[in-house]
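Walk me through this structure, please.

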Amino acid sequence: MQQFIKIIGAIVQVLVLVCFTNAAWGQELTKAVISGSVRTSAGEPLAGVSVVLKEAQKGITTDAAGRYEITNVSPGDYTLLISFLGFETQEKSISLKPSQTLELNISLREKTFEMKGVEIVGKSATREVNEQPYAVTAISTRELQNSTSDAKEVLNRVAGVRVLEEGGLGSNLSFSLNGFSGDQVKFFLDGIPMDNFGSSLQMSDIPVNSIDRIEVYKGVVPVWLGTDALGGAVNIITNRKAKFLDASYSVGSFYTHRLSLNGAYTNPANGYTFRGNVNYNYSDNNYRVLVPIREGSNIIDTTEVERFHDRYHSGTVKLETGWVNKKYADNLLFGVIASGNDKQVQTGATMNSVYGGIMRNSRSVVPTLRYSKDDLLVDGLNVSLYTAYNITKSEVIDTLRGVTYNWLGQATYTPGSNNGELLRTYTTFDDNDFNSQLNAGYTLSPKHSLAFNYAYSYFRRKAFDSENPDRIENQFPRSLNKQVLGLAYKFDLNEKWSTTLFSKAYFLHARTSKQYDFALETQRTEALESSKRNFGYGLATTYFLLPDLQLKASYEHTYRMPWATEIFGDGLFVQPNPDLGPEQSDNFNAGAAYGFKLGQDHQFNLESSFVYREAKDLIYQVVRVASPQTYYDNLSDTRTLGVEGSLRYQWRDMLRLGGNFTFQDITDQADLVFNDSYTNTGWQRNFQKGFRLPNTPYMFGNANAGFTLRDVLVPGAVWNVNYYYNYVEQYFLSWAELGSRDSKKVIPTQSSHNLELSGSFREGRYNVAIECRNLTDALLYDKYYLQKPGRAFYLKFRYVL
């Protein structure tokens, strides 16, 4: 009997299980599915977007391709909520039928807002750094991915910024920020200093496809960057998506070709990641220039000719692999950067001399290590370490003998001469540069936090000239050892008011050589060794007077140690100056930012700031009219008074207007200058006092307009038209006090116009863009009358997976 009851019980259990299974299976058949993709207004996929069915309390986040899928949804009416930081939240009403699969693609409109001194588009990658009250502009490249721009083009549209070029693609660049230029503004790639990445990896070599955003710190530089910048810093942050593929190819005027391939793969199960960037650039740079034609020392004509010796090509491979989001590390990444370039040299510091045989090339290999962990060992302790070892080999080649060229490309031969076009040299530089930065931040309480940074760099150069093996200066060691320590305390009184106090210590040890008693019987070259140490301090504060009205101010007493090229020269056009000393500056910034809406469709953003700089021993580049060579020297006392402002307007996601204006009065304030000539050595009255620094723009501005159209000509297409205008007021090339009015050399007032049209198809997978730069074919100059390219056209194709 008991056995029979067990059998009956088992049958009942099976029947009950079958009934419930059938009921569940039947119910499953009636369930609905909703899926699709989320993209920006420009068609870029967005990862990590929250997609939620409010009534069902079910949701998911989009994957690396911007895709989402919500399954097992009961039929009915729902509200779909789509939200992502930095974009406007959307709600959509949907109705799901039994067994329906609904495909719904979403386009999110970008929301730009100001927050504690930072112009933010999306979420910052560095925890709490952008919440500090530093004056920093973060430029997102999200809407620029289809353009033919590079890092240089993007930066040149920022208020207070001028990127001064010596020519076309691959030419030497000088970055100016509120009047400070050269190494006074430091550059970083993903937080790693770019001081000695070599000439094959500079701003014009990095396309927008490789960049997620660019952060421009104006004036006061935060402790975590660990640098001795005098006037600001730029941090270029590459694409950090977990899984993507982005490839582009562009072709343009002057036989310009540019290739970019970027991608990453991350295993969500074990955190293993691999990412890489490959960039290639080539241009003949054979644009036309207006120049004097010489026969011997006489100018016989002025005409327009084509540059004939300015070819440039470069390549960069950046690979990184490791693990992310592990218990022991948020990031543990091992990488390598390999880059190289070859460049023909057409001119020196001026266009008075032209060359047909001088060459420069560079090869760099940079192993890297990146580690970071939030809440290491204890809550609130965040630690990061960046280390790179740069091995660079470069060559300067001037081996033609007794040959000179004019701008027509015609060679003049001098029989029996062994002189090169400039120096007759074949110099090889072996540079080794080690950089390491350790950052530690600790949150004491919600209102109090500390940050510490230690940055160490060591640079060593060995030089050998096969044309002159006994060159005396190459027999001496050349090295720089630099350390920077920083400590910061951040106090958040409340949600409106935040203040940071900080101090920095700078240490420099240099070994080089110096020539003594030139042209005397006692002339000699001896080893020179020097050590410098300095201490700086400052504060930065911000206060929100209204929720959308921010006031900010910062002050810093800071120093910058001279760097390799400034002390050692570059072996060709930049002469060494072993006596160069550190520069110091008192920097003060004050500004305000206000963003507001009129209705739902009109967004306005206004920003303005005042700049004051008092700099001692300012390191500046000395350019002489009659010489192709330059050198760096100290200017004892300078003052900068400046103001800048910007205005942006956006109507829906269709119309964008903006502009900025900068005025900077940079003047020599020294009462006396030291004359070290043989006949009149000593301190003398400074006749340049009160005059602006030469060869430096003092008033300039930018304007832009953009328009977006959708579903025109091609279903699902997104079309963008962008216009950019650039203006620079006339400025002197030499001291305005010197010479007669008619003989003063100036760069005239300049205006340039760029126009761009791009199309995005198949949800941003296929993209094409065409651009015209310098639309009116104007004569454009930046540095000492070195002419830049005229009208040029570029076509770009881009594929995103």
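Y282 counts as buried because its relative accessibility is 16%. Buried means under 20% relative accessible area, exposed means over 50%, and partly exposed lies in between (1.4 Å probe, protein chains only). This is a predicted model: local features need pLDDT of at least 70, side-chain atom pairs count only at pLDDT 80 or more, and totals for chains, interfaces and linings use all residues. Residues are numbered from 1 along each chain as its sequence is written, and side-chain values use heavy atoms, with hydrogens and water left out.

Y282 has an aromatic partner, Y255. The ring centres are 5.9 Å apart and the planes stand at 90°, so the pair is edge-to-face. Rings of Phe, Tyr and Trp (its six-membered ring) pair if their centres lie within 6.5 Å; planes under 30 degrees apart count as stacked, over 60 as edge-to-face and the rest as tilted. Y255 sits in the loop between strand 19 (244-252) and strand 20 (256-266). Y282 belongs to strand 21, and 27 residues separate the two. Helices (H or I, at least four residues) and strands (E, at least two) are DSSP runs, numbered from the N terminus.

F308 and Y405 make a tilted pair, with 6.0 Å from centre to centre and 40° between the planes. This pair also links distant parts of the chain, 97 residues apart. F308 lies in the loop between strand 23 (298-306) and strand 24, while Y405 lies in strand 28 (residues 403-405). F308 counts as partly exposed because its relative accessibility is 32%. Y405, at 24%, counts as partly exposed too. In total the structure holds 15 aromatic pairs. Elsewhere, Y594, F596, F604 and Y649 form one aromatic cluster.

Back to strand 21. Strand 21 (residues 272-283) runs antiparallel to strand 24 (residues 312-324), and 12 bridges join them. Two strands pair if DSSP finds at least two bridges between them. In this pairing G276 stands opposite L319. Strand 24 is also joined to strand 25 (residues 331-344), antiparallel, by 13 bridges. There W323 faces L332. The hairpin of strand 24 and strand 25 has 6 residues between the strands, and N325 takes a positive phi near 55°.

Strand 2 (residues 50-53) and strand 5 (residues 76-83) pair over 4 bridges. S50 stands opposite S83 in strand 5.

Next, the cores. A nonpolar core is a set of buried Ala, Val, Leu, Ile, Met, Phe, Trp, Tyr and Cys residues joined through side-chain atoms within 4.5 Å. The largest one has 25 residues. L155, V161, F175, I214, V216, V234 and I236 touch the most other members. Elements that give two or more residues to this core include helix 2 (151-155), strand 12 (161-165) and strand 17 (211-218). A second, separate core of 20 residues includes I70, V73, Y78 and I82.

A contact means heavy atoms within 4.5 Å. L381 lies in strand 27 and, at 22% relative accessibility, counts as partly exposed. L381 and Y442 are 61 residues apart in sequence, with their C-alpha atoms 4.5 Å apart. Beyond four places in sequence, L381 touches residues including K373, G441 and Y442. F661 sits in strand 40 (residues 655-668) and counts as partly exposed at 39%. Among its contacts beyond four places in sequence are V643, M699 and F700.

Finally, the whole chain. It comes to 3 helices and 49 strands. Buried residues make up 52% of the 801 residues. Of the contacts with a separation of 6 or more, 64% join residues 24 or more positions apart.
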